[in-house]
Amino acid sequence: MIETTIEGCHPLLEALRAGRSINRVFFARGIVRNGTFTEIVTLLRKRGVPFEFQDRSLLDRIASTASHQGVVAKVAAHEFCTLEDILHMSQRNNKVPLYCVLDGLEDPHNLGAILRTADAAGIQGIIIRNRREVGLTPVVAKTSAGAIEYVPVARVSNINQAIDTLKRSGLWVVGIEVNGTIPFDQVDYKLPTAIVVGGEGEGISELTRKKCDLLASIPMCGQISSLNASVATALVMYEAFRQRRK
């Protein structure tokens, strides 16, 4: 079994609330025993998960981030789902599909932030490619503030083939590009939609751009020509949420 870590109080608490299997938890000696800590310990005891108090230096060695807050849990590595799983989930829950396709995202902080927004905005699944793309690492989990436990992530070998599958399933594929033909807030996201966002440097690849049914832009009036990937994604996700909420 491949192990990874969950680091920080709130990510661990959300993992426990979501029913995630936890192998062992380490607390730093002298950790602040507030309400969150008490709830974590209560859930650990209820499930029979072993935990222990250690010097903070031990947690520093086993943690992947510097901001573990005195809490590090050993868990089985997060499993990806399949594209078909995501499609079936939407059908089973009787929801109009709304997904986000990430084409070349490499920064784990961006992926974590996108997962956090996706959970808040009702995105039903994230689709990433399995080569040269960030995985579900402890940094992603920490940045997502627990959203990684609730938003399904499918990893596919070929983004363009995945887009073809989405189209055959009746989805409208909208790419977010600087040179898009219409503003992003004029797109009808109430339709079954897949939002495509490119990586931090190159944006959407040329072939993926051609696969999109529509390219939409985010209007800007400043001197900087583009937004951070997670910020741009958040704007579009919340526009979709706003439209669907009506």
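Q124 is buried, at a relative accessible area of 12%; buried means under 20%, exposed over 50% and partly exposed in between (1.4 Å probe, protein chains only). Keep in mind that this is a predicted model, where local features need pLDDT of at least 70, side-chain atom pairs count only at pLDDT 80 or more, and totals for chains, interfaces and linings use all residues. Residues are numbered from 1 along each chain as its sequence is written, and side-chain values use heavy atoms, with hydrogens and water left out.

**Around Q124**

- You'll find Q124 in the loop between α5 (108-121) and β6 (125-129); helices (H or I, at least four residues) and strands (E, at least two) are DSSP runs numbered from the N terminus.
- Its side chain makes a polar contact with the side chain of S90 at 2.5 Å. Such a contact is a pair of N or O atoms within 3.5 Å; within protein, one must be able to donate a hydrogen and the other to accept it, and residues adjacent in sequence count only if both atoms are side-chain atoms.
- The Q124 side chain also reaches the backbone oxygen of V96, at 2.8 Å.
- Leaving aside residues up to four places away in sequence, Q124 touches I86, S90, K95, V96, P97, L98, Y99, P152 and R244 (contact means heavy atoms within 4.5 Å).

**The sheet**

- Four strands make an open, mixed sheet in the order β1-β4-β2-β3; two strands pair if DSSP finds at least two bridges between them.
- β1 (3-7) and β3 (51-54) are at the edges with a single partner strand each, so one side of each has no neighbour in the sheet.
- β2 (residues 22-28) and β3 run parallel over four bridges, and V25 stands opposite F51 in β3.
- Helix α2 (residues 35-47) packs on the sheet, touching β2 and β3, and its direction makes about 145° with that of β2. Axes are lines fitted to C-alpha atoms, for helices over the stretch in contact, and angles run from 0 to 180 degrees between N-to-C directions.

**Aromatic rings**

- Rings of Phe, Tyr and Trp (its six-membered ring) pair if their centres lie within 6.5 Å; planes under 30 degrees apart are stacked, over 60 edge-to-face, and the rest tilted. That gives six aromatic pairs.
- F37 and F53 have ring centres 6.3 Å apart and planes at 50°, so this pair is tilted.
- F37 sits in helix α2 and F53 in strand β3, so the pair ties together parts 16 residues apart in sequence.
- F37 is buried at 7% relative accessibility, while F53 is partly exposed at 27%.
- F51 and F53 are edge-to-face, because their planes are at 80°, with centres 6.4 Å apart.
- Ring pairs join F27, F37, F51 and F53 into a cluster.
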